[in-house]
Amino acid sequence: RLAENLPDALKLRRELANDESVITRSGEWIGRDWLRVNRGGDPHSGVIEREQRLKQLRSALAQSEENVRDTEARLAACREELALAERERDLAQSRIQGAHRDHADLLGQLEGERARAQESTIRRERLEEEAAEVTREAGLAQDALARARAELDRGLVELDALDSRRSGLEAERDDCREEVQLARARWQAAQLASRDLLIRIESRRSSESSTGVGLKRMADQRLQTQARRDELEATLASGDQPIHELEGRLEDFLARRLEVESELAAERRALEEADSALRALDEKRLDAETRVNTARAGVEQARMLAQESRVRREGLIEQFAATRFDLAEILAGLAADAAVTAWEESLNTARADLEKLGQVNLAAIDELKECSERKEYLDRQFADVTAALTTLEEAMRKIDKETRTRFEDTFNRINAGLKDKFPKLFGGGHAYLELVGDDVLEAGVAVMARPPGKRNSSIHQLSGGEKALTAVALVFSIFDLNPAPFCLLDEVDAPLDEHNVGRFCDIVRQMSERVQFIFITHNKATMELASQLLGVTMHEPGCSRLVSVDVDEAVRMATA
């Protein structure tokens with residue numbers, strides 16, 4: 001055989017028979033187990049050295065193959081460790097997301113408990129104020145009662161004094177009666193004085209009766225006040241009882257939830273058992289149907305075989321009738337081990353062998369050569385395609401890894417920016433991003449935002465201004481990731497009120513140190529933030545013109 005160079009000849013060496021050899025254009029002559037190289041006219045020069053070099057190369061090749069196998073084993077182990085680490089990372093990320101959700105739920109429960117505690121505190125303060133007022137009223141009532149008692153004591157003392165004077169006056173009256181003629185004027189004066197004293201006594205008596213009624217009324221009021229104070233003290237003492245009742249109800253609800261979950265788990269197990277039983281019954285039904293179909297097919301096949309046998313029998317009878325042989329004589333002349341099945345199999349085998357042989361193909365050698373060349377070409381193409389496919393798969397894995405890494409980094413940075421900017425725009429609250437899905441490359445991103453004082457479960461429960469501020473916080477967080485030289489805002493502050501516009505202007509002023517902002521607005525507060533104003537006006541119908549104002553220059557002109 002002929003070859004262009006030594007590498008091609010070495011490739012053909014494996015295909016050589018014992019009586020074949022290959023020679024190249026440069027004179028190398030190669031057999032199956034020998035090699036002859038013509039160097040400088042000496043046919044035997046360098047053969048031993050070449051053989052030694054070949055042995056060294058073979059040992060180096062074996063060592064390299066061993067190193068390659070070790071490296072591939074280590075690479076496979078590293079890939080398994082990488083896959084395990086990625087799975088652990090995905091599990092950790094899913095746990096972190098679950099922890100975020102649990103944290104948000106706990107924050108909502110904490111806010112509810114805080115609101116209830118605040119209501120209880122307000123109620124307790126109100127009750128304390130009412131108790132203090134009742135205490136003040138009781139003190140005033142006691143003071144009034146003490147004054148009334150002092151007044152009563154003074155009246156009683158005066159009444160005793162009057163009673164003692166009455167006896168003296170009566171004695172004087174008796175004396176005056178004896179001297180009535182001599183001292184009528186004095187008697188009349190004394191009578192008038194006695195009348196006045198009687199009037200005073202009656203007034204004192206009426207005052208005493210009214211004072212007793214007032215004392216009785218005050219005693220009743222005191223009893224009512226004490227009852228009210230006891231009631232308020234009991235209410236104040238039981239101020240924490242609703243909280244304990246709610247906690248007890250919460251524990252009852254949790255116990256009921258556990259019972260319901262256990263019942264649900266039992267029902268699910270029963271449902272799974274019923275499903276498994278139903279699947280088993282379906283399998284039995286399918287098995288029975290399969291057996292029935294098999295039996296029907298067997299019956300049909302037996303019917304067809306019987307029909308075929310009958311037709312063949314009739315054909316054989318007709319053939320025997322045509323040959324004019326006697327069937328009994330032929331059967332008597334057959335050997336003892338003769339069988340129709342064996343003869344039919346032998347006949348079919350002979351026919352098949354004849355059909356396989358077919359006609360003699362004189363061009364089979366050329367066709368074999370062409371097919372061999374075609375096979376070698378297709379093998380090379382297959383190897384190239386396999387190598388390209390391996391390269392593409394490796395590139396896809398690298399791209400997926402790099403994409404996952406960059407996406408996680410970008411997601412974390414945007415999430416940190418949203419957590420920082422959302423409280424600045426809302427004056428409190430919290431917001432974060434959450435992945436919707438297990439695979440990072442296929443998961444969606446949900447925005448979880450809760451302004452201060454709200455416990456919304458959906459973004460649809462936010463107002464238009466709150467939605468706009470949430471979108472501004474997210475857009476500015478994305479903008480911080482890879483800022484452009486300028487940023488265009490088109491009426492972003494339109495749905496915002498005056499208070500929120502101030503916060504929006506603050507964050508724009510803060511970011512304007514790194515980015516130039518161009519914004520379209522109709523709000524005066526936002527216009528005050530700009531250093532250049534451009535307005536479009538229609539001074540004449542159908543004719544618009546641009547008006548520009550340099551705010552700093554205008555301020556200098558105004559101050560000048």
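This is a predicted model: local features need pLDDT of at least 70, side-chain atom pairs count only at pLDDT 80 or more; totals for chains, interfaces and linings use all residues.
Residues are numbered from 1 along each chain as its sequence is written, and side-chain values use heavy atoms, with hydrogens and water left out.

The protein chain holds 11 helices and 10 strands, taken as DSSP runs numbered from the N terminus (helices H or I, at least four residues; strands E, at least two). Of its 560 residues, 14% count as buried, where buried means under 20% relative accessible area, exposed over 50% and partly exposed in between, with a 1.4 Å probe and protein chains only. The accessible surface of the chain comes to about 43400 Å², of which 55% belongs to carbon and sulfur atoms, as computed by the Shrake-Rupley method with a 1.4 Å probe.

Four strands are arranged as an open sheet of mixed pairing, in the order β1-β2-β3-β4, two strands being paired if DSSP finds at least two bridges between them. The pairing of β1 with β2 (residues 21-24) is parallel and runs over two bridges, and Ala-3 stands opposite Thr-24 in β2.

The count of salt bridges comes to 18, each defined as a side-chain nitrogen of Lys or Arg within 4 Å of a carboxyl oxygen of Asp or Glu. In one of these, Glu-128 is joined to Arg-124, with the closest N and O atoms 3.5 Å apart; because the two residues are four apart in helix α2, they are separated by about one helical turn. Glu-128 itself is partly exposed, at a relative accessible area of 38%.

Another salt bridge joins the side chains of Arg-404 and Asp-439 (3.7 Å, N to O). Arg-404 lies in helix α7 (residues 364-426) and Asp-439 in the loop between β5 (430-436) and β6 (444-450), so the pair ties together parts that are 35 residues apart in sequence. Arg-404 is buried, at 14% relative accessibility, whereas Asp-439 is partly exposed, at 32%.
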